[in-house]
Structure formats: structure tokens, C-alpha cells
Amino acid sequence: MSNSTHDPEAMRLITNRLKRAEGQLHALISALPDAHCRDAVTQLAAVSKALDRAGFAIIANALESCVSDIEGNHDGMTTDDLEKLFLILA
């Protein structure tokens with residue numbers, strides 16, 4: 001993601017979301033030996049959802065850049081490539 005067409009504010013928000021997910025995962029790993037199954041699975045689902053949302057945000061940002069690109073390419077990717085990335089998370 002070194003392309004300068006990425007929205008800096010969007011990247012900041014995505015980074016913050018990933019850091020929160022990292023903190024949640026770290027807390028889960030630390031609590032796992034004593035955690036109840038339901039609590040552990042609920043926390044794991046929250047981490048998974050946070051990661052998915054970060055992935056969607058990254059792709060959405062790339063799509064916005066792609067729309068403004070005359071040739072329809074972003075980071076050497078076609079819109080078909082971006083769609084495949086989106087579907088990986090779906």
C-alpha cells in the first residue's frame with residue numbers, strides 16, 4: 001500500500017481499526033486459559049469482524065482510487081482483481 005493515491009485519513013482509520021483488533025486478540029490470547037468458551041468465541045468473533053471490516057475498508061479505498069484513475073487500474077490491479085479481493089472477504 002505504498003501508492004500515494006490512498007486517502008491518508010482512510011489509511012489512518014484502517015490502521016486504528018487493525019490496532020484495536022490486535023489489542024482484542026492479545027487480550028483474548030492472555031485470557032484464554034481461564035476464559036469461558038462462550039466468552040472466548042464471542043471475543044474471537046469480534047476480532048474476526050474487525051479484521052474483515054479493515055479489509056473491506058482497504059478495498060473500498062482502492063476502489064475509490066480506481067474510479068478516479070483514467071485507465072481503471074490501481075496498483076497494477078484491474079477492477080476484476082479488486083472484485084476478487086472483495087469476494088475473498090465476503
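In helix α1, the residues Ala10, Met11, Ile14, Ala21 and Leu28 are buried (buried means under 20% relative accessible area, exposed over 50%, and partly exposed in between, with a 1.4 Å probe and protein chains only). The model is predicted, so local features need pLDDT of at least 70 and side-chain atom pairs count only at pLDDT 80 or more, while totals for chains, interfaces and linings use all residues. Residues are numbered from 1 along each chain as its sequence is written, and side-chain values use heavy atoms, with hydrogens and water left out.

**Helix α1**
- Helices are DSSP runs of H or I with at least four residues, numbered from the N terminus.
- Helix α1 covers residues 8-31, and its 24 residues should span 34 Å at 1.5 Å a residue (the expected span is 1.5 Å times one less than the number of residues).
- The end C-alpha atoms of α1 are 34 Å apart, which agrees with that expectation.

**Salt bridge**
- The count comes to 1 salt bridge, defined as a side-chain nitrogen of Lys or Arg within 4 Å of a carboxyl oxygen of Asp or Glu.
- Arg12 forms a salt bridge with Glu9, and their closest N and O atoms are 2.6 Å apart.
- Because Arg12 and Glu9 are 3 residues apart in helix α1, about one helical turn separates them.
- Arg12 is partly exposed at 42% relative accessible area, and Glu9 is partly exposed at 39%.

**Thr78**
- Thr78 lies in the loop between α2 (37-68) and α3 (79-89).
- Thr78 has a relative accessible area of 34% and is partly exposed.
- The C-alpha atoms of Thr78 and Leu63 are separated by 10.0 Å, and the two residues are 15 residues apart along the chain.

Methods: Helices (H or I, at least four residues) and strands (E, at least two) are DSSP runs, numbered from the N terminus.
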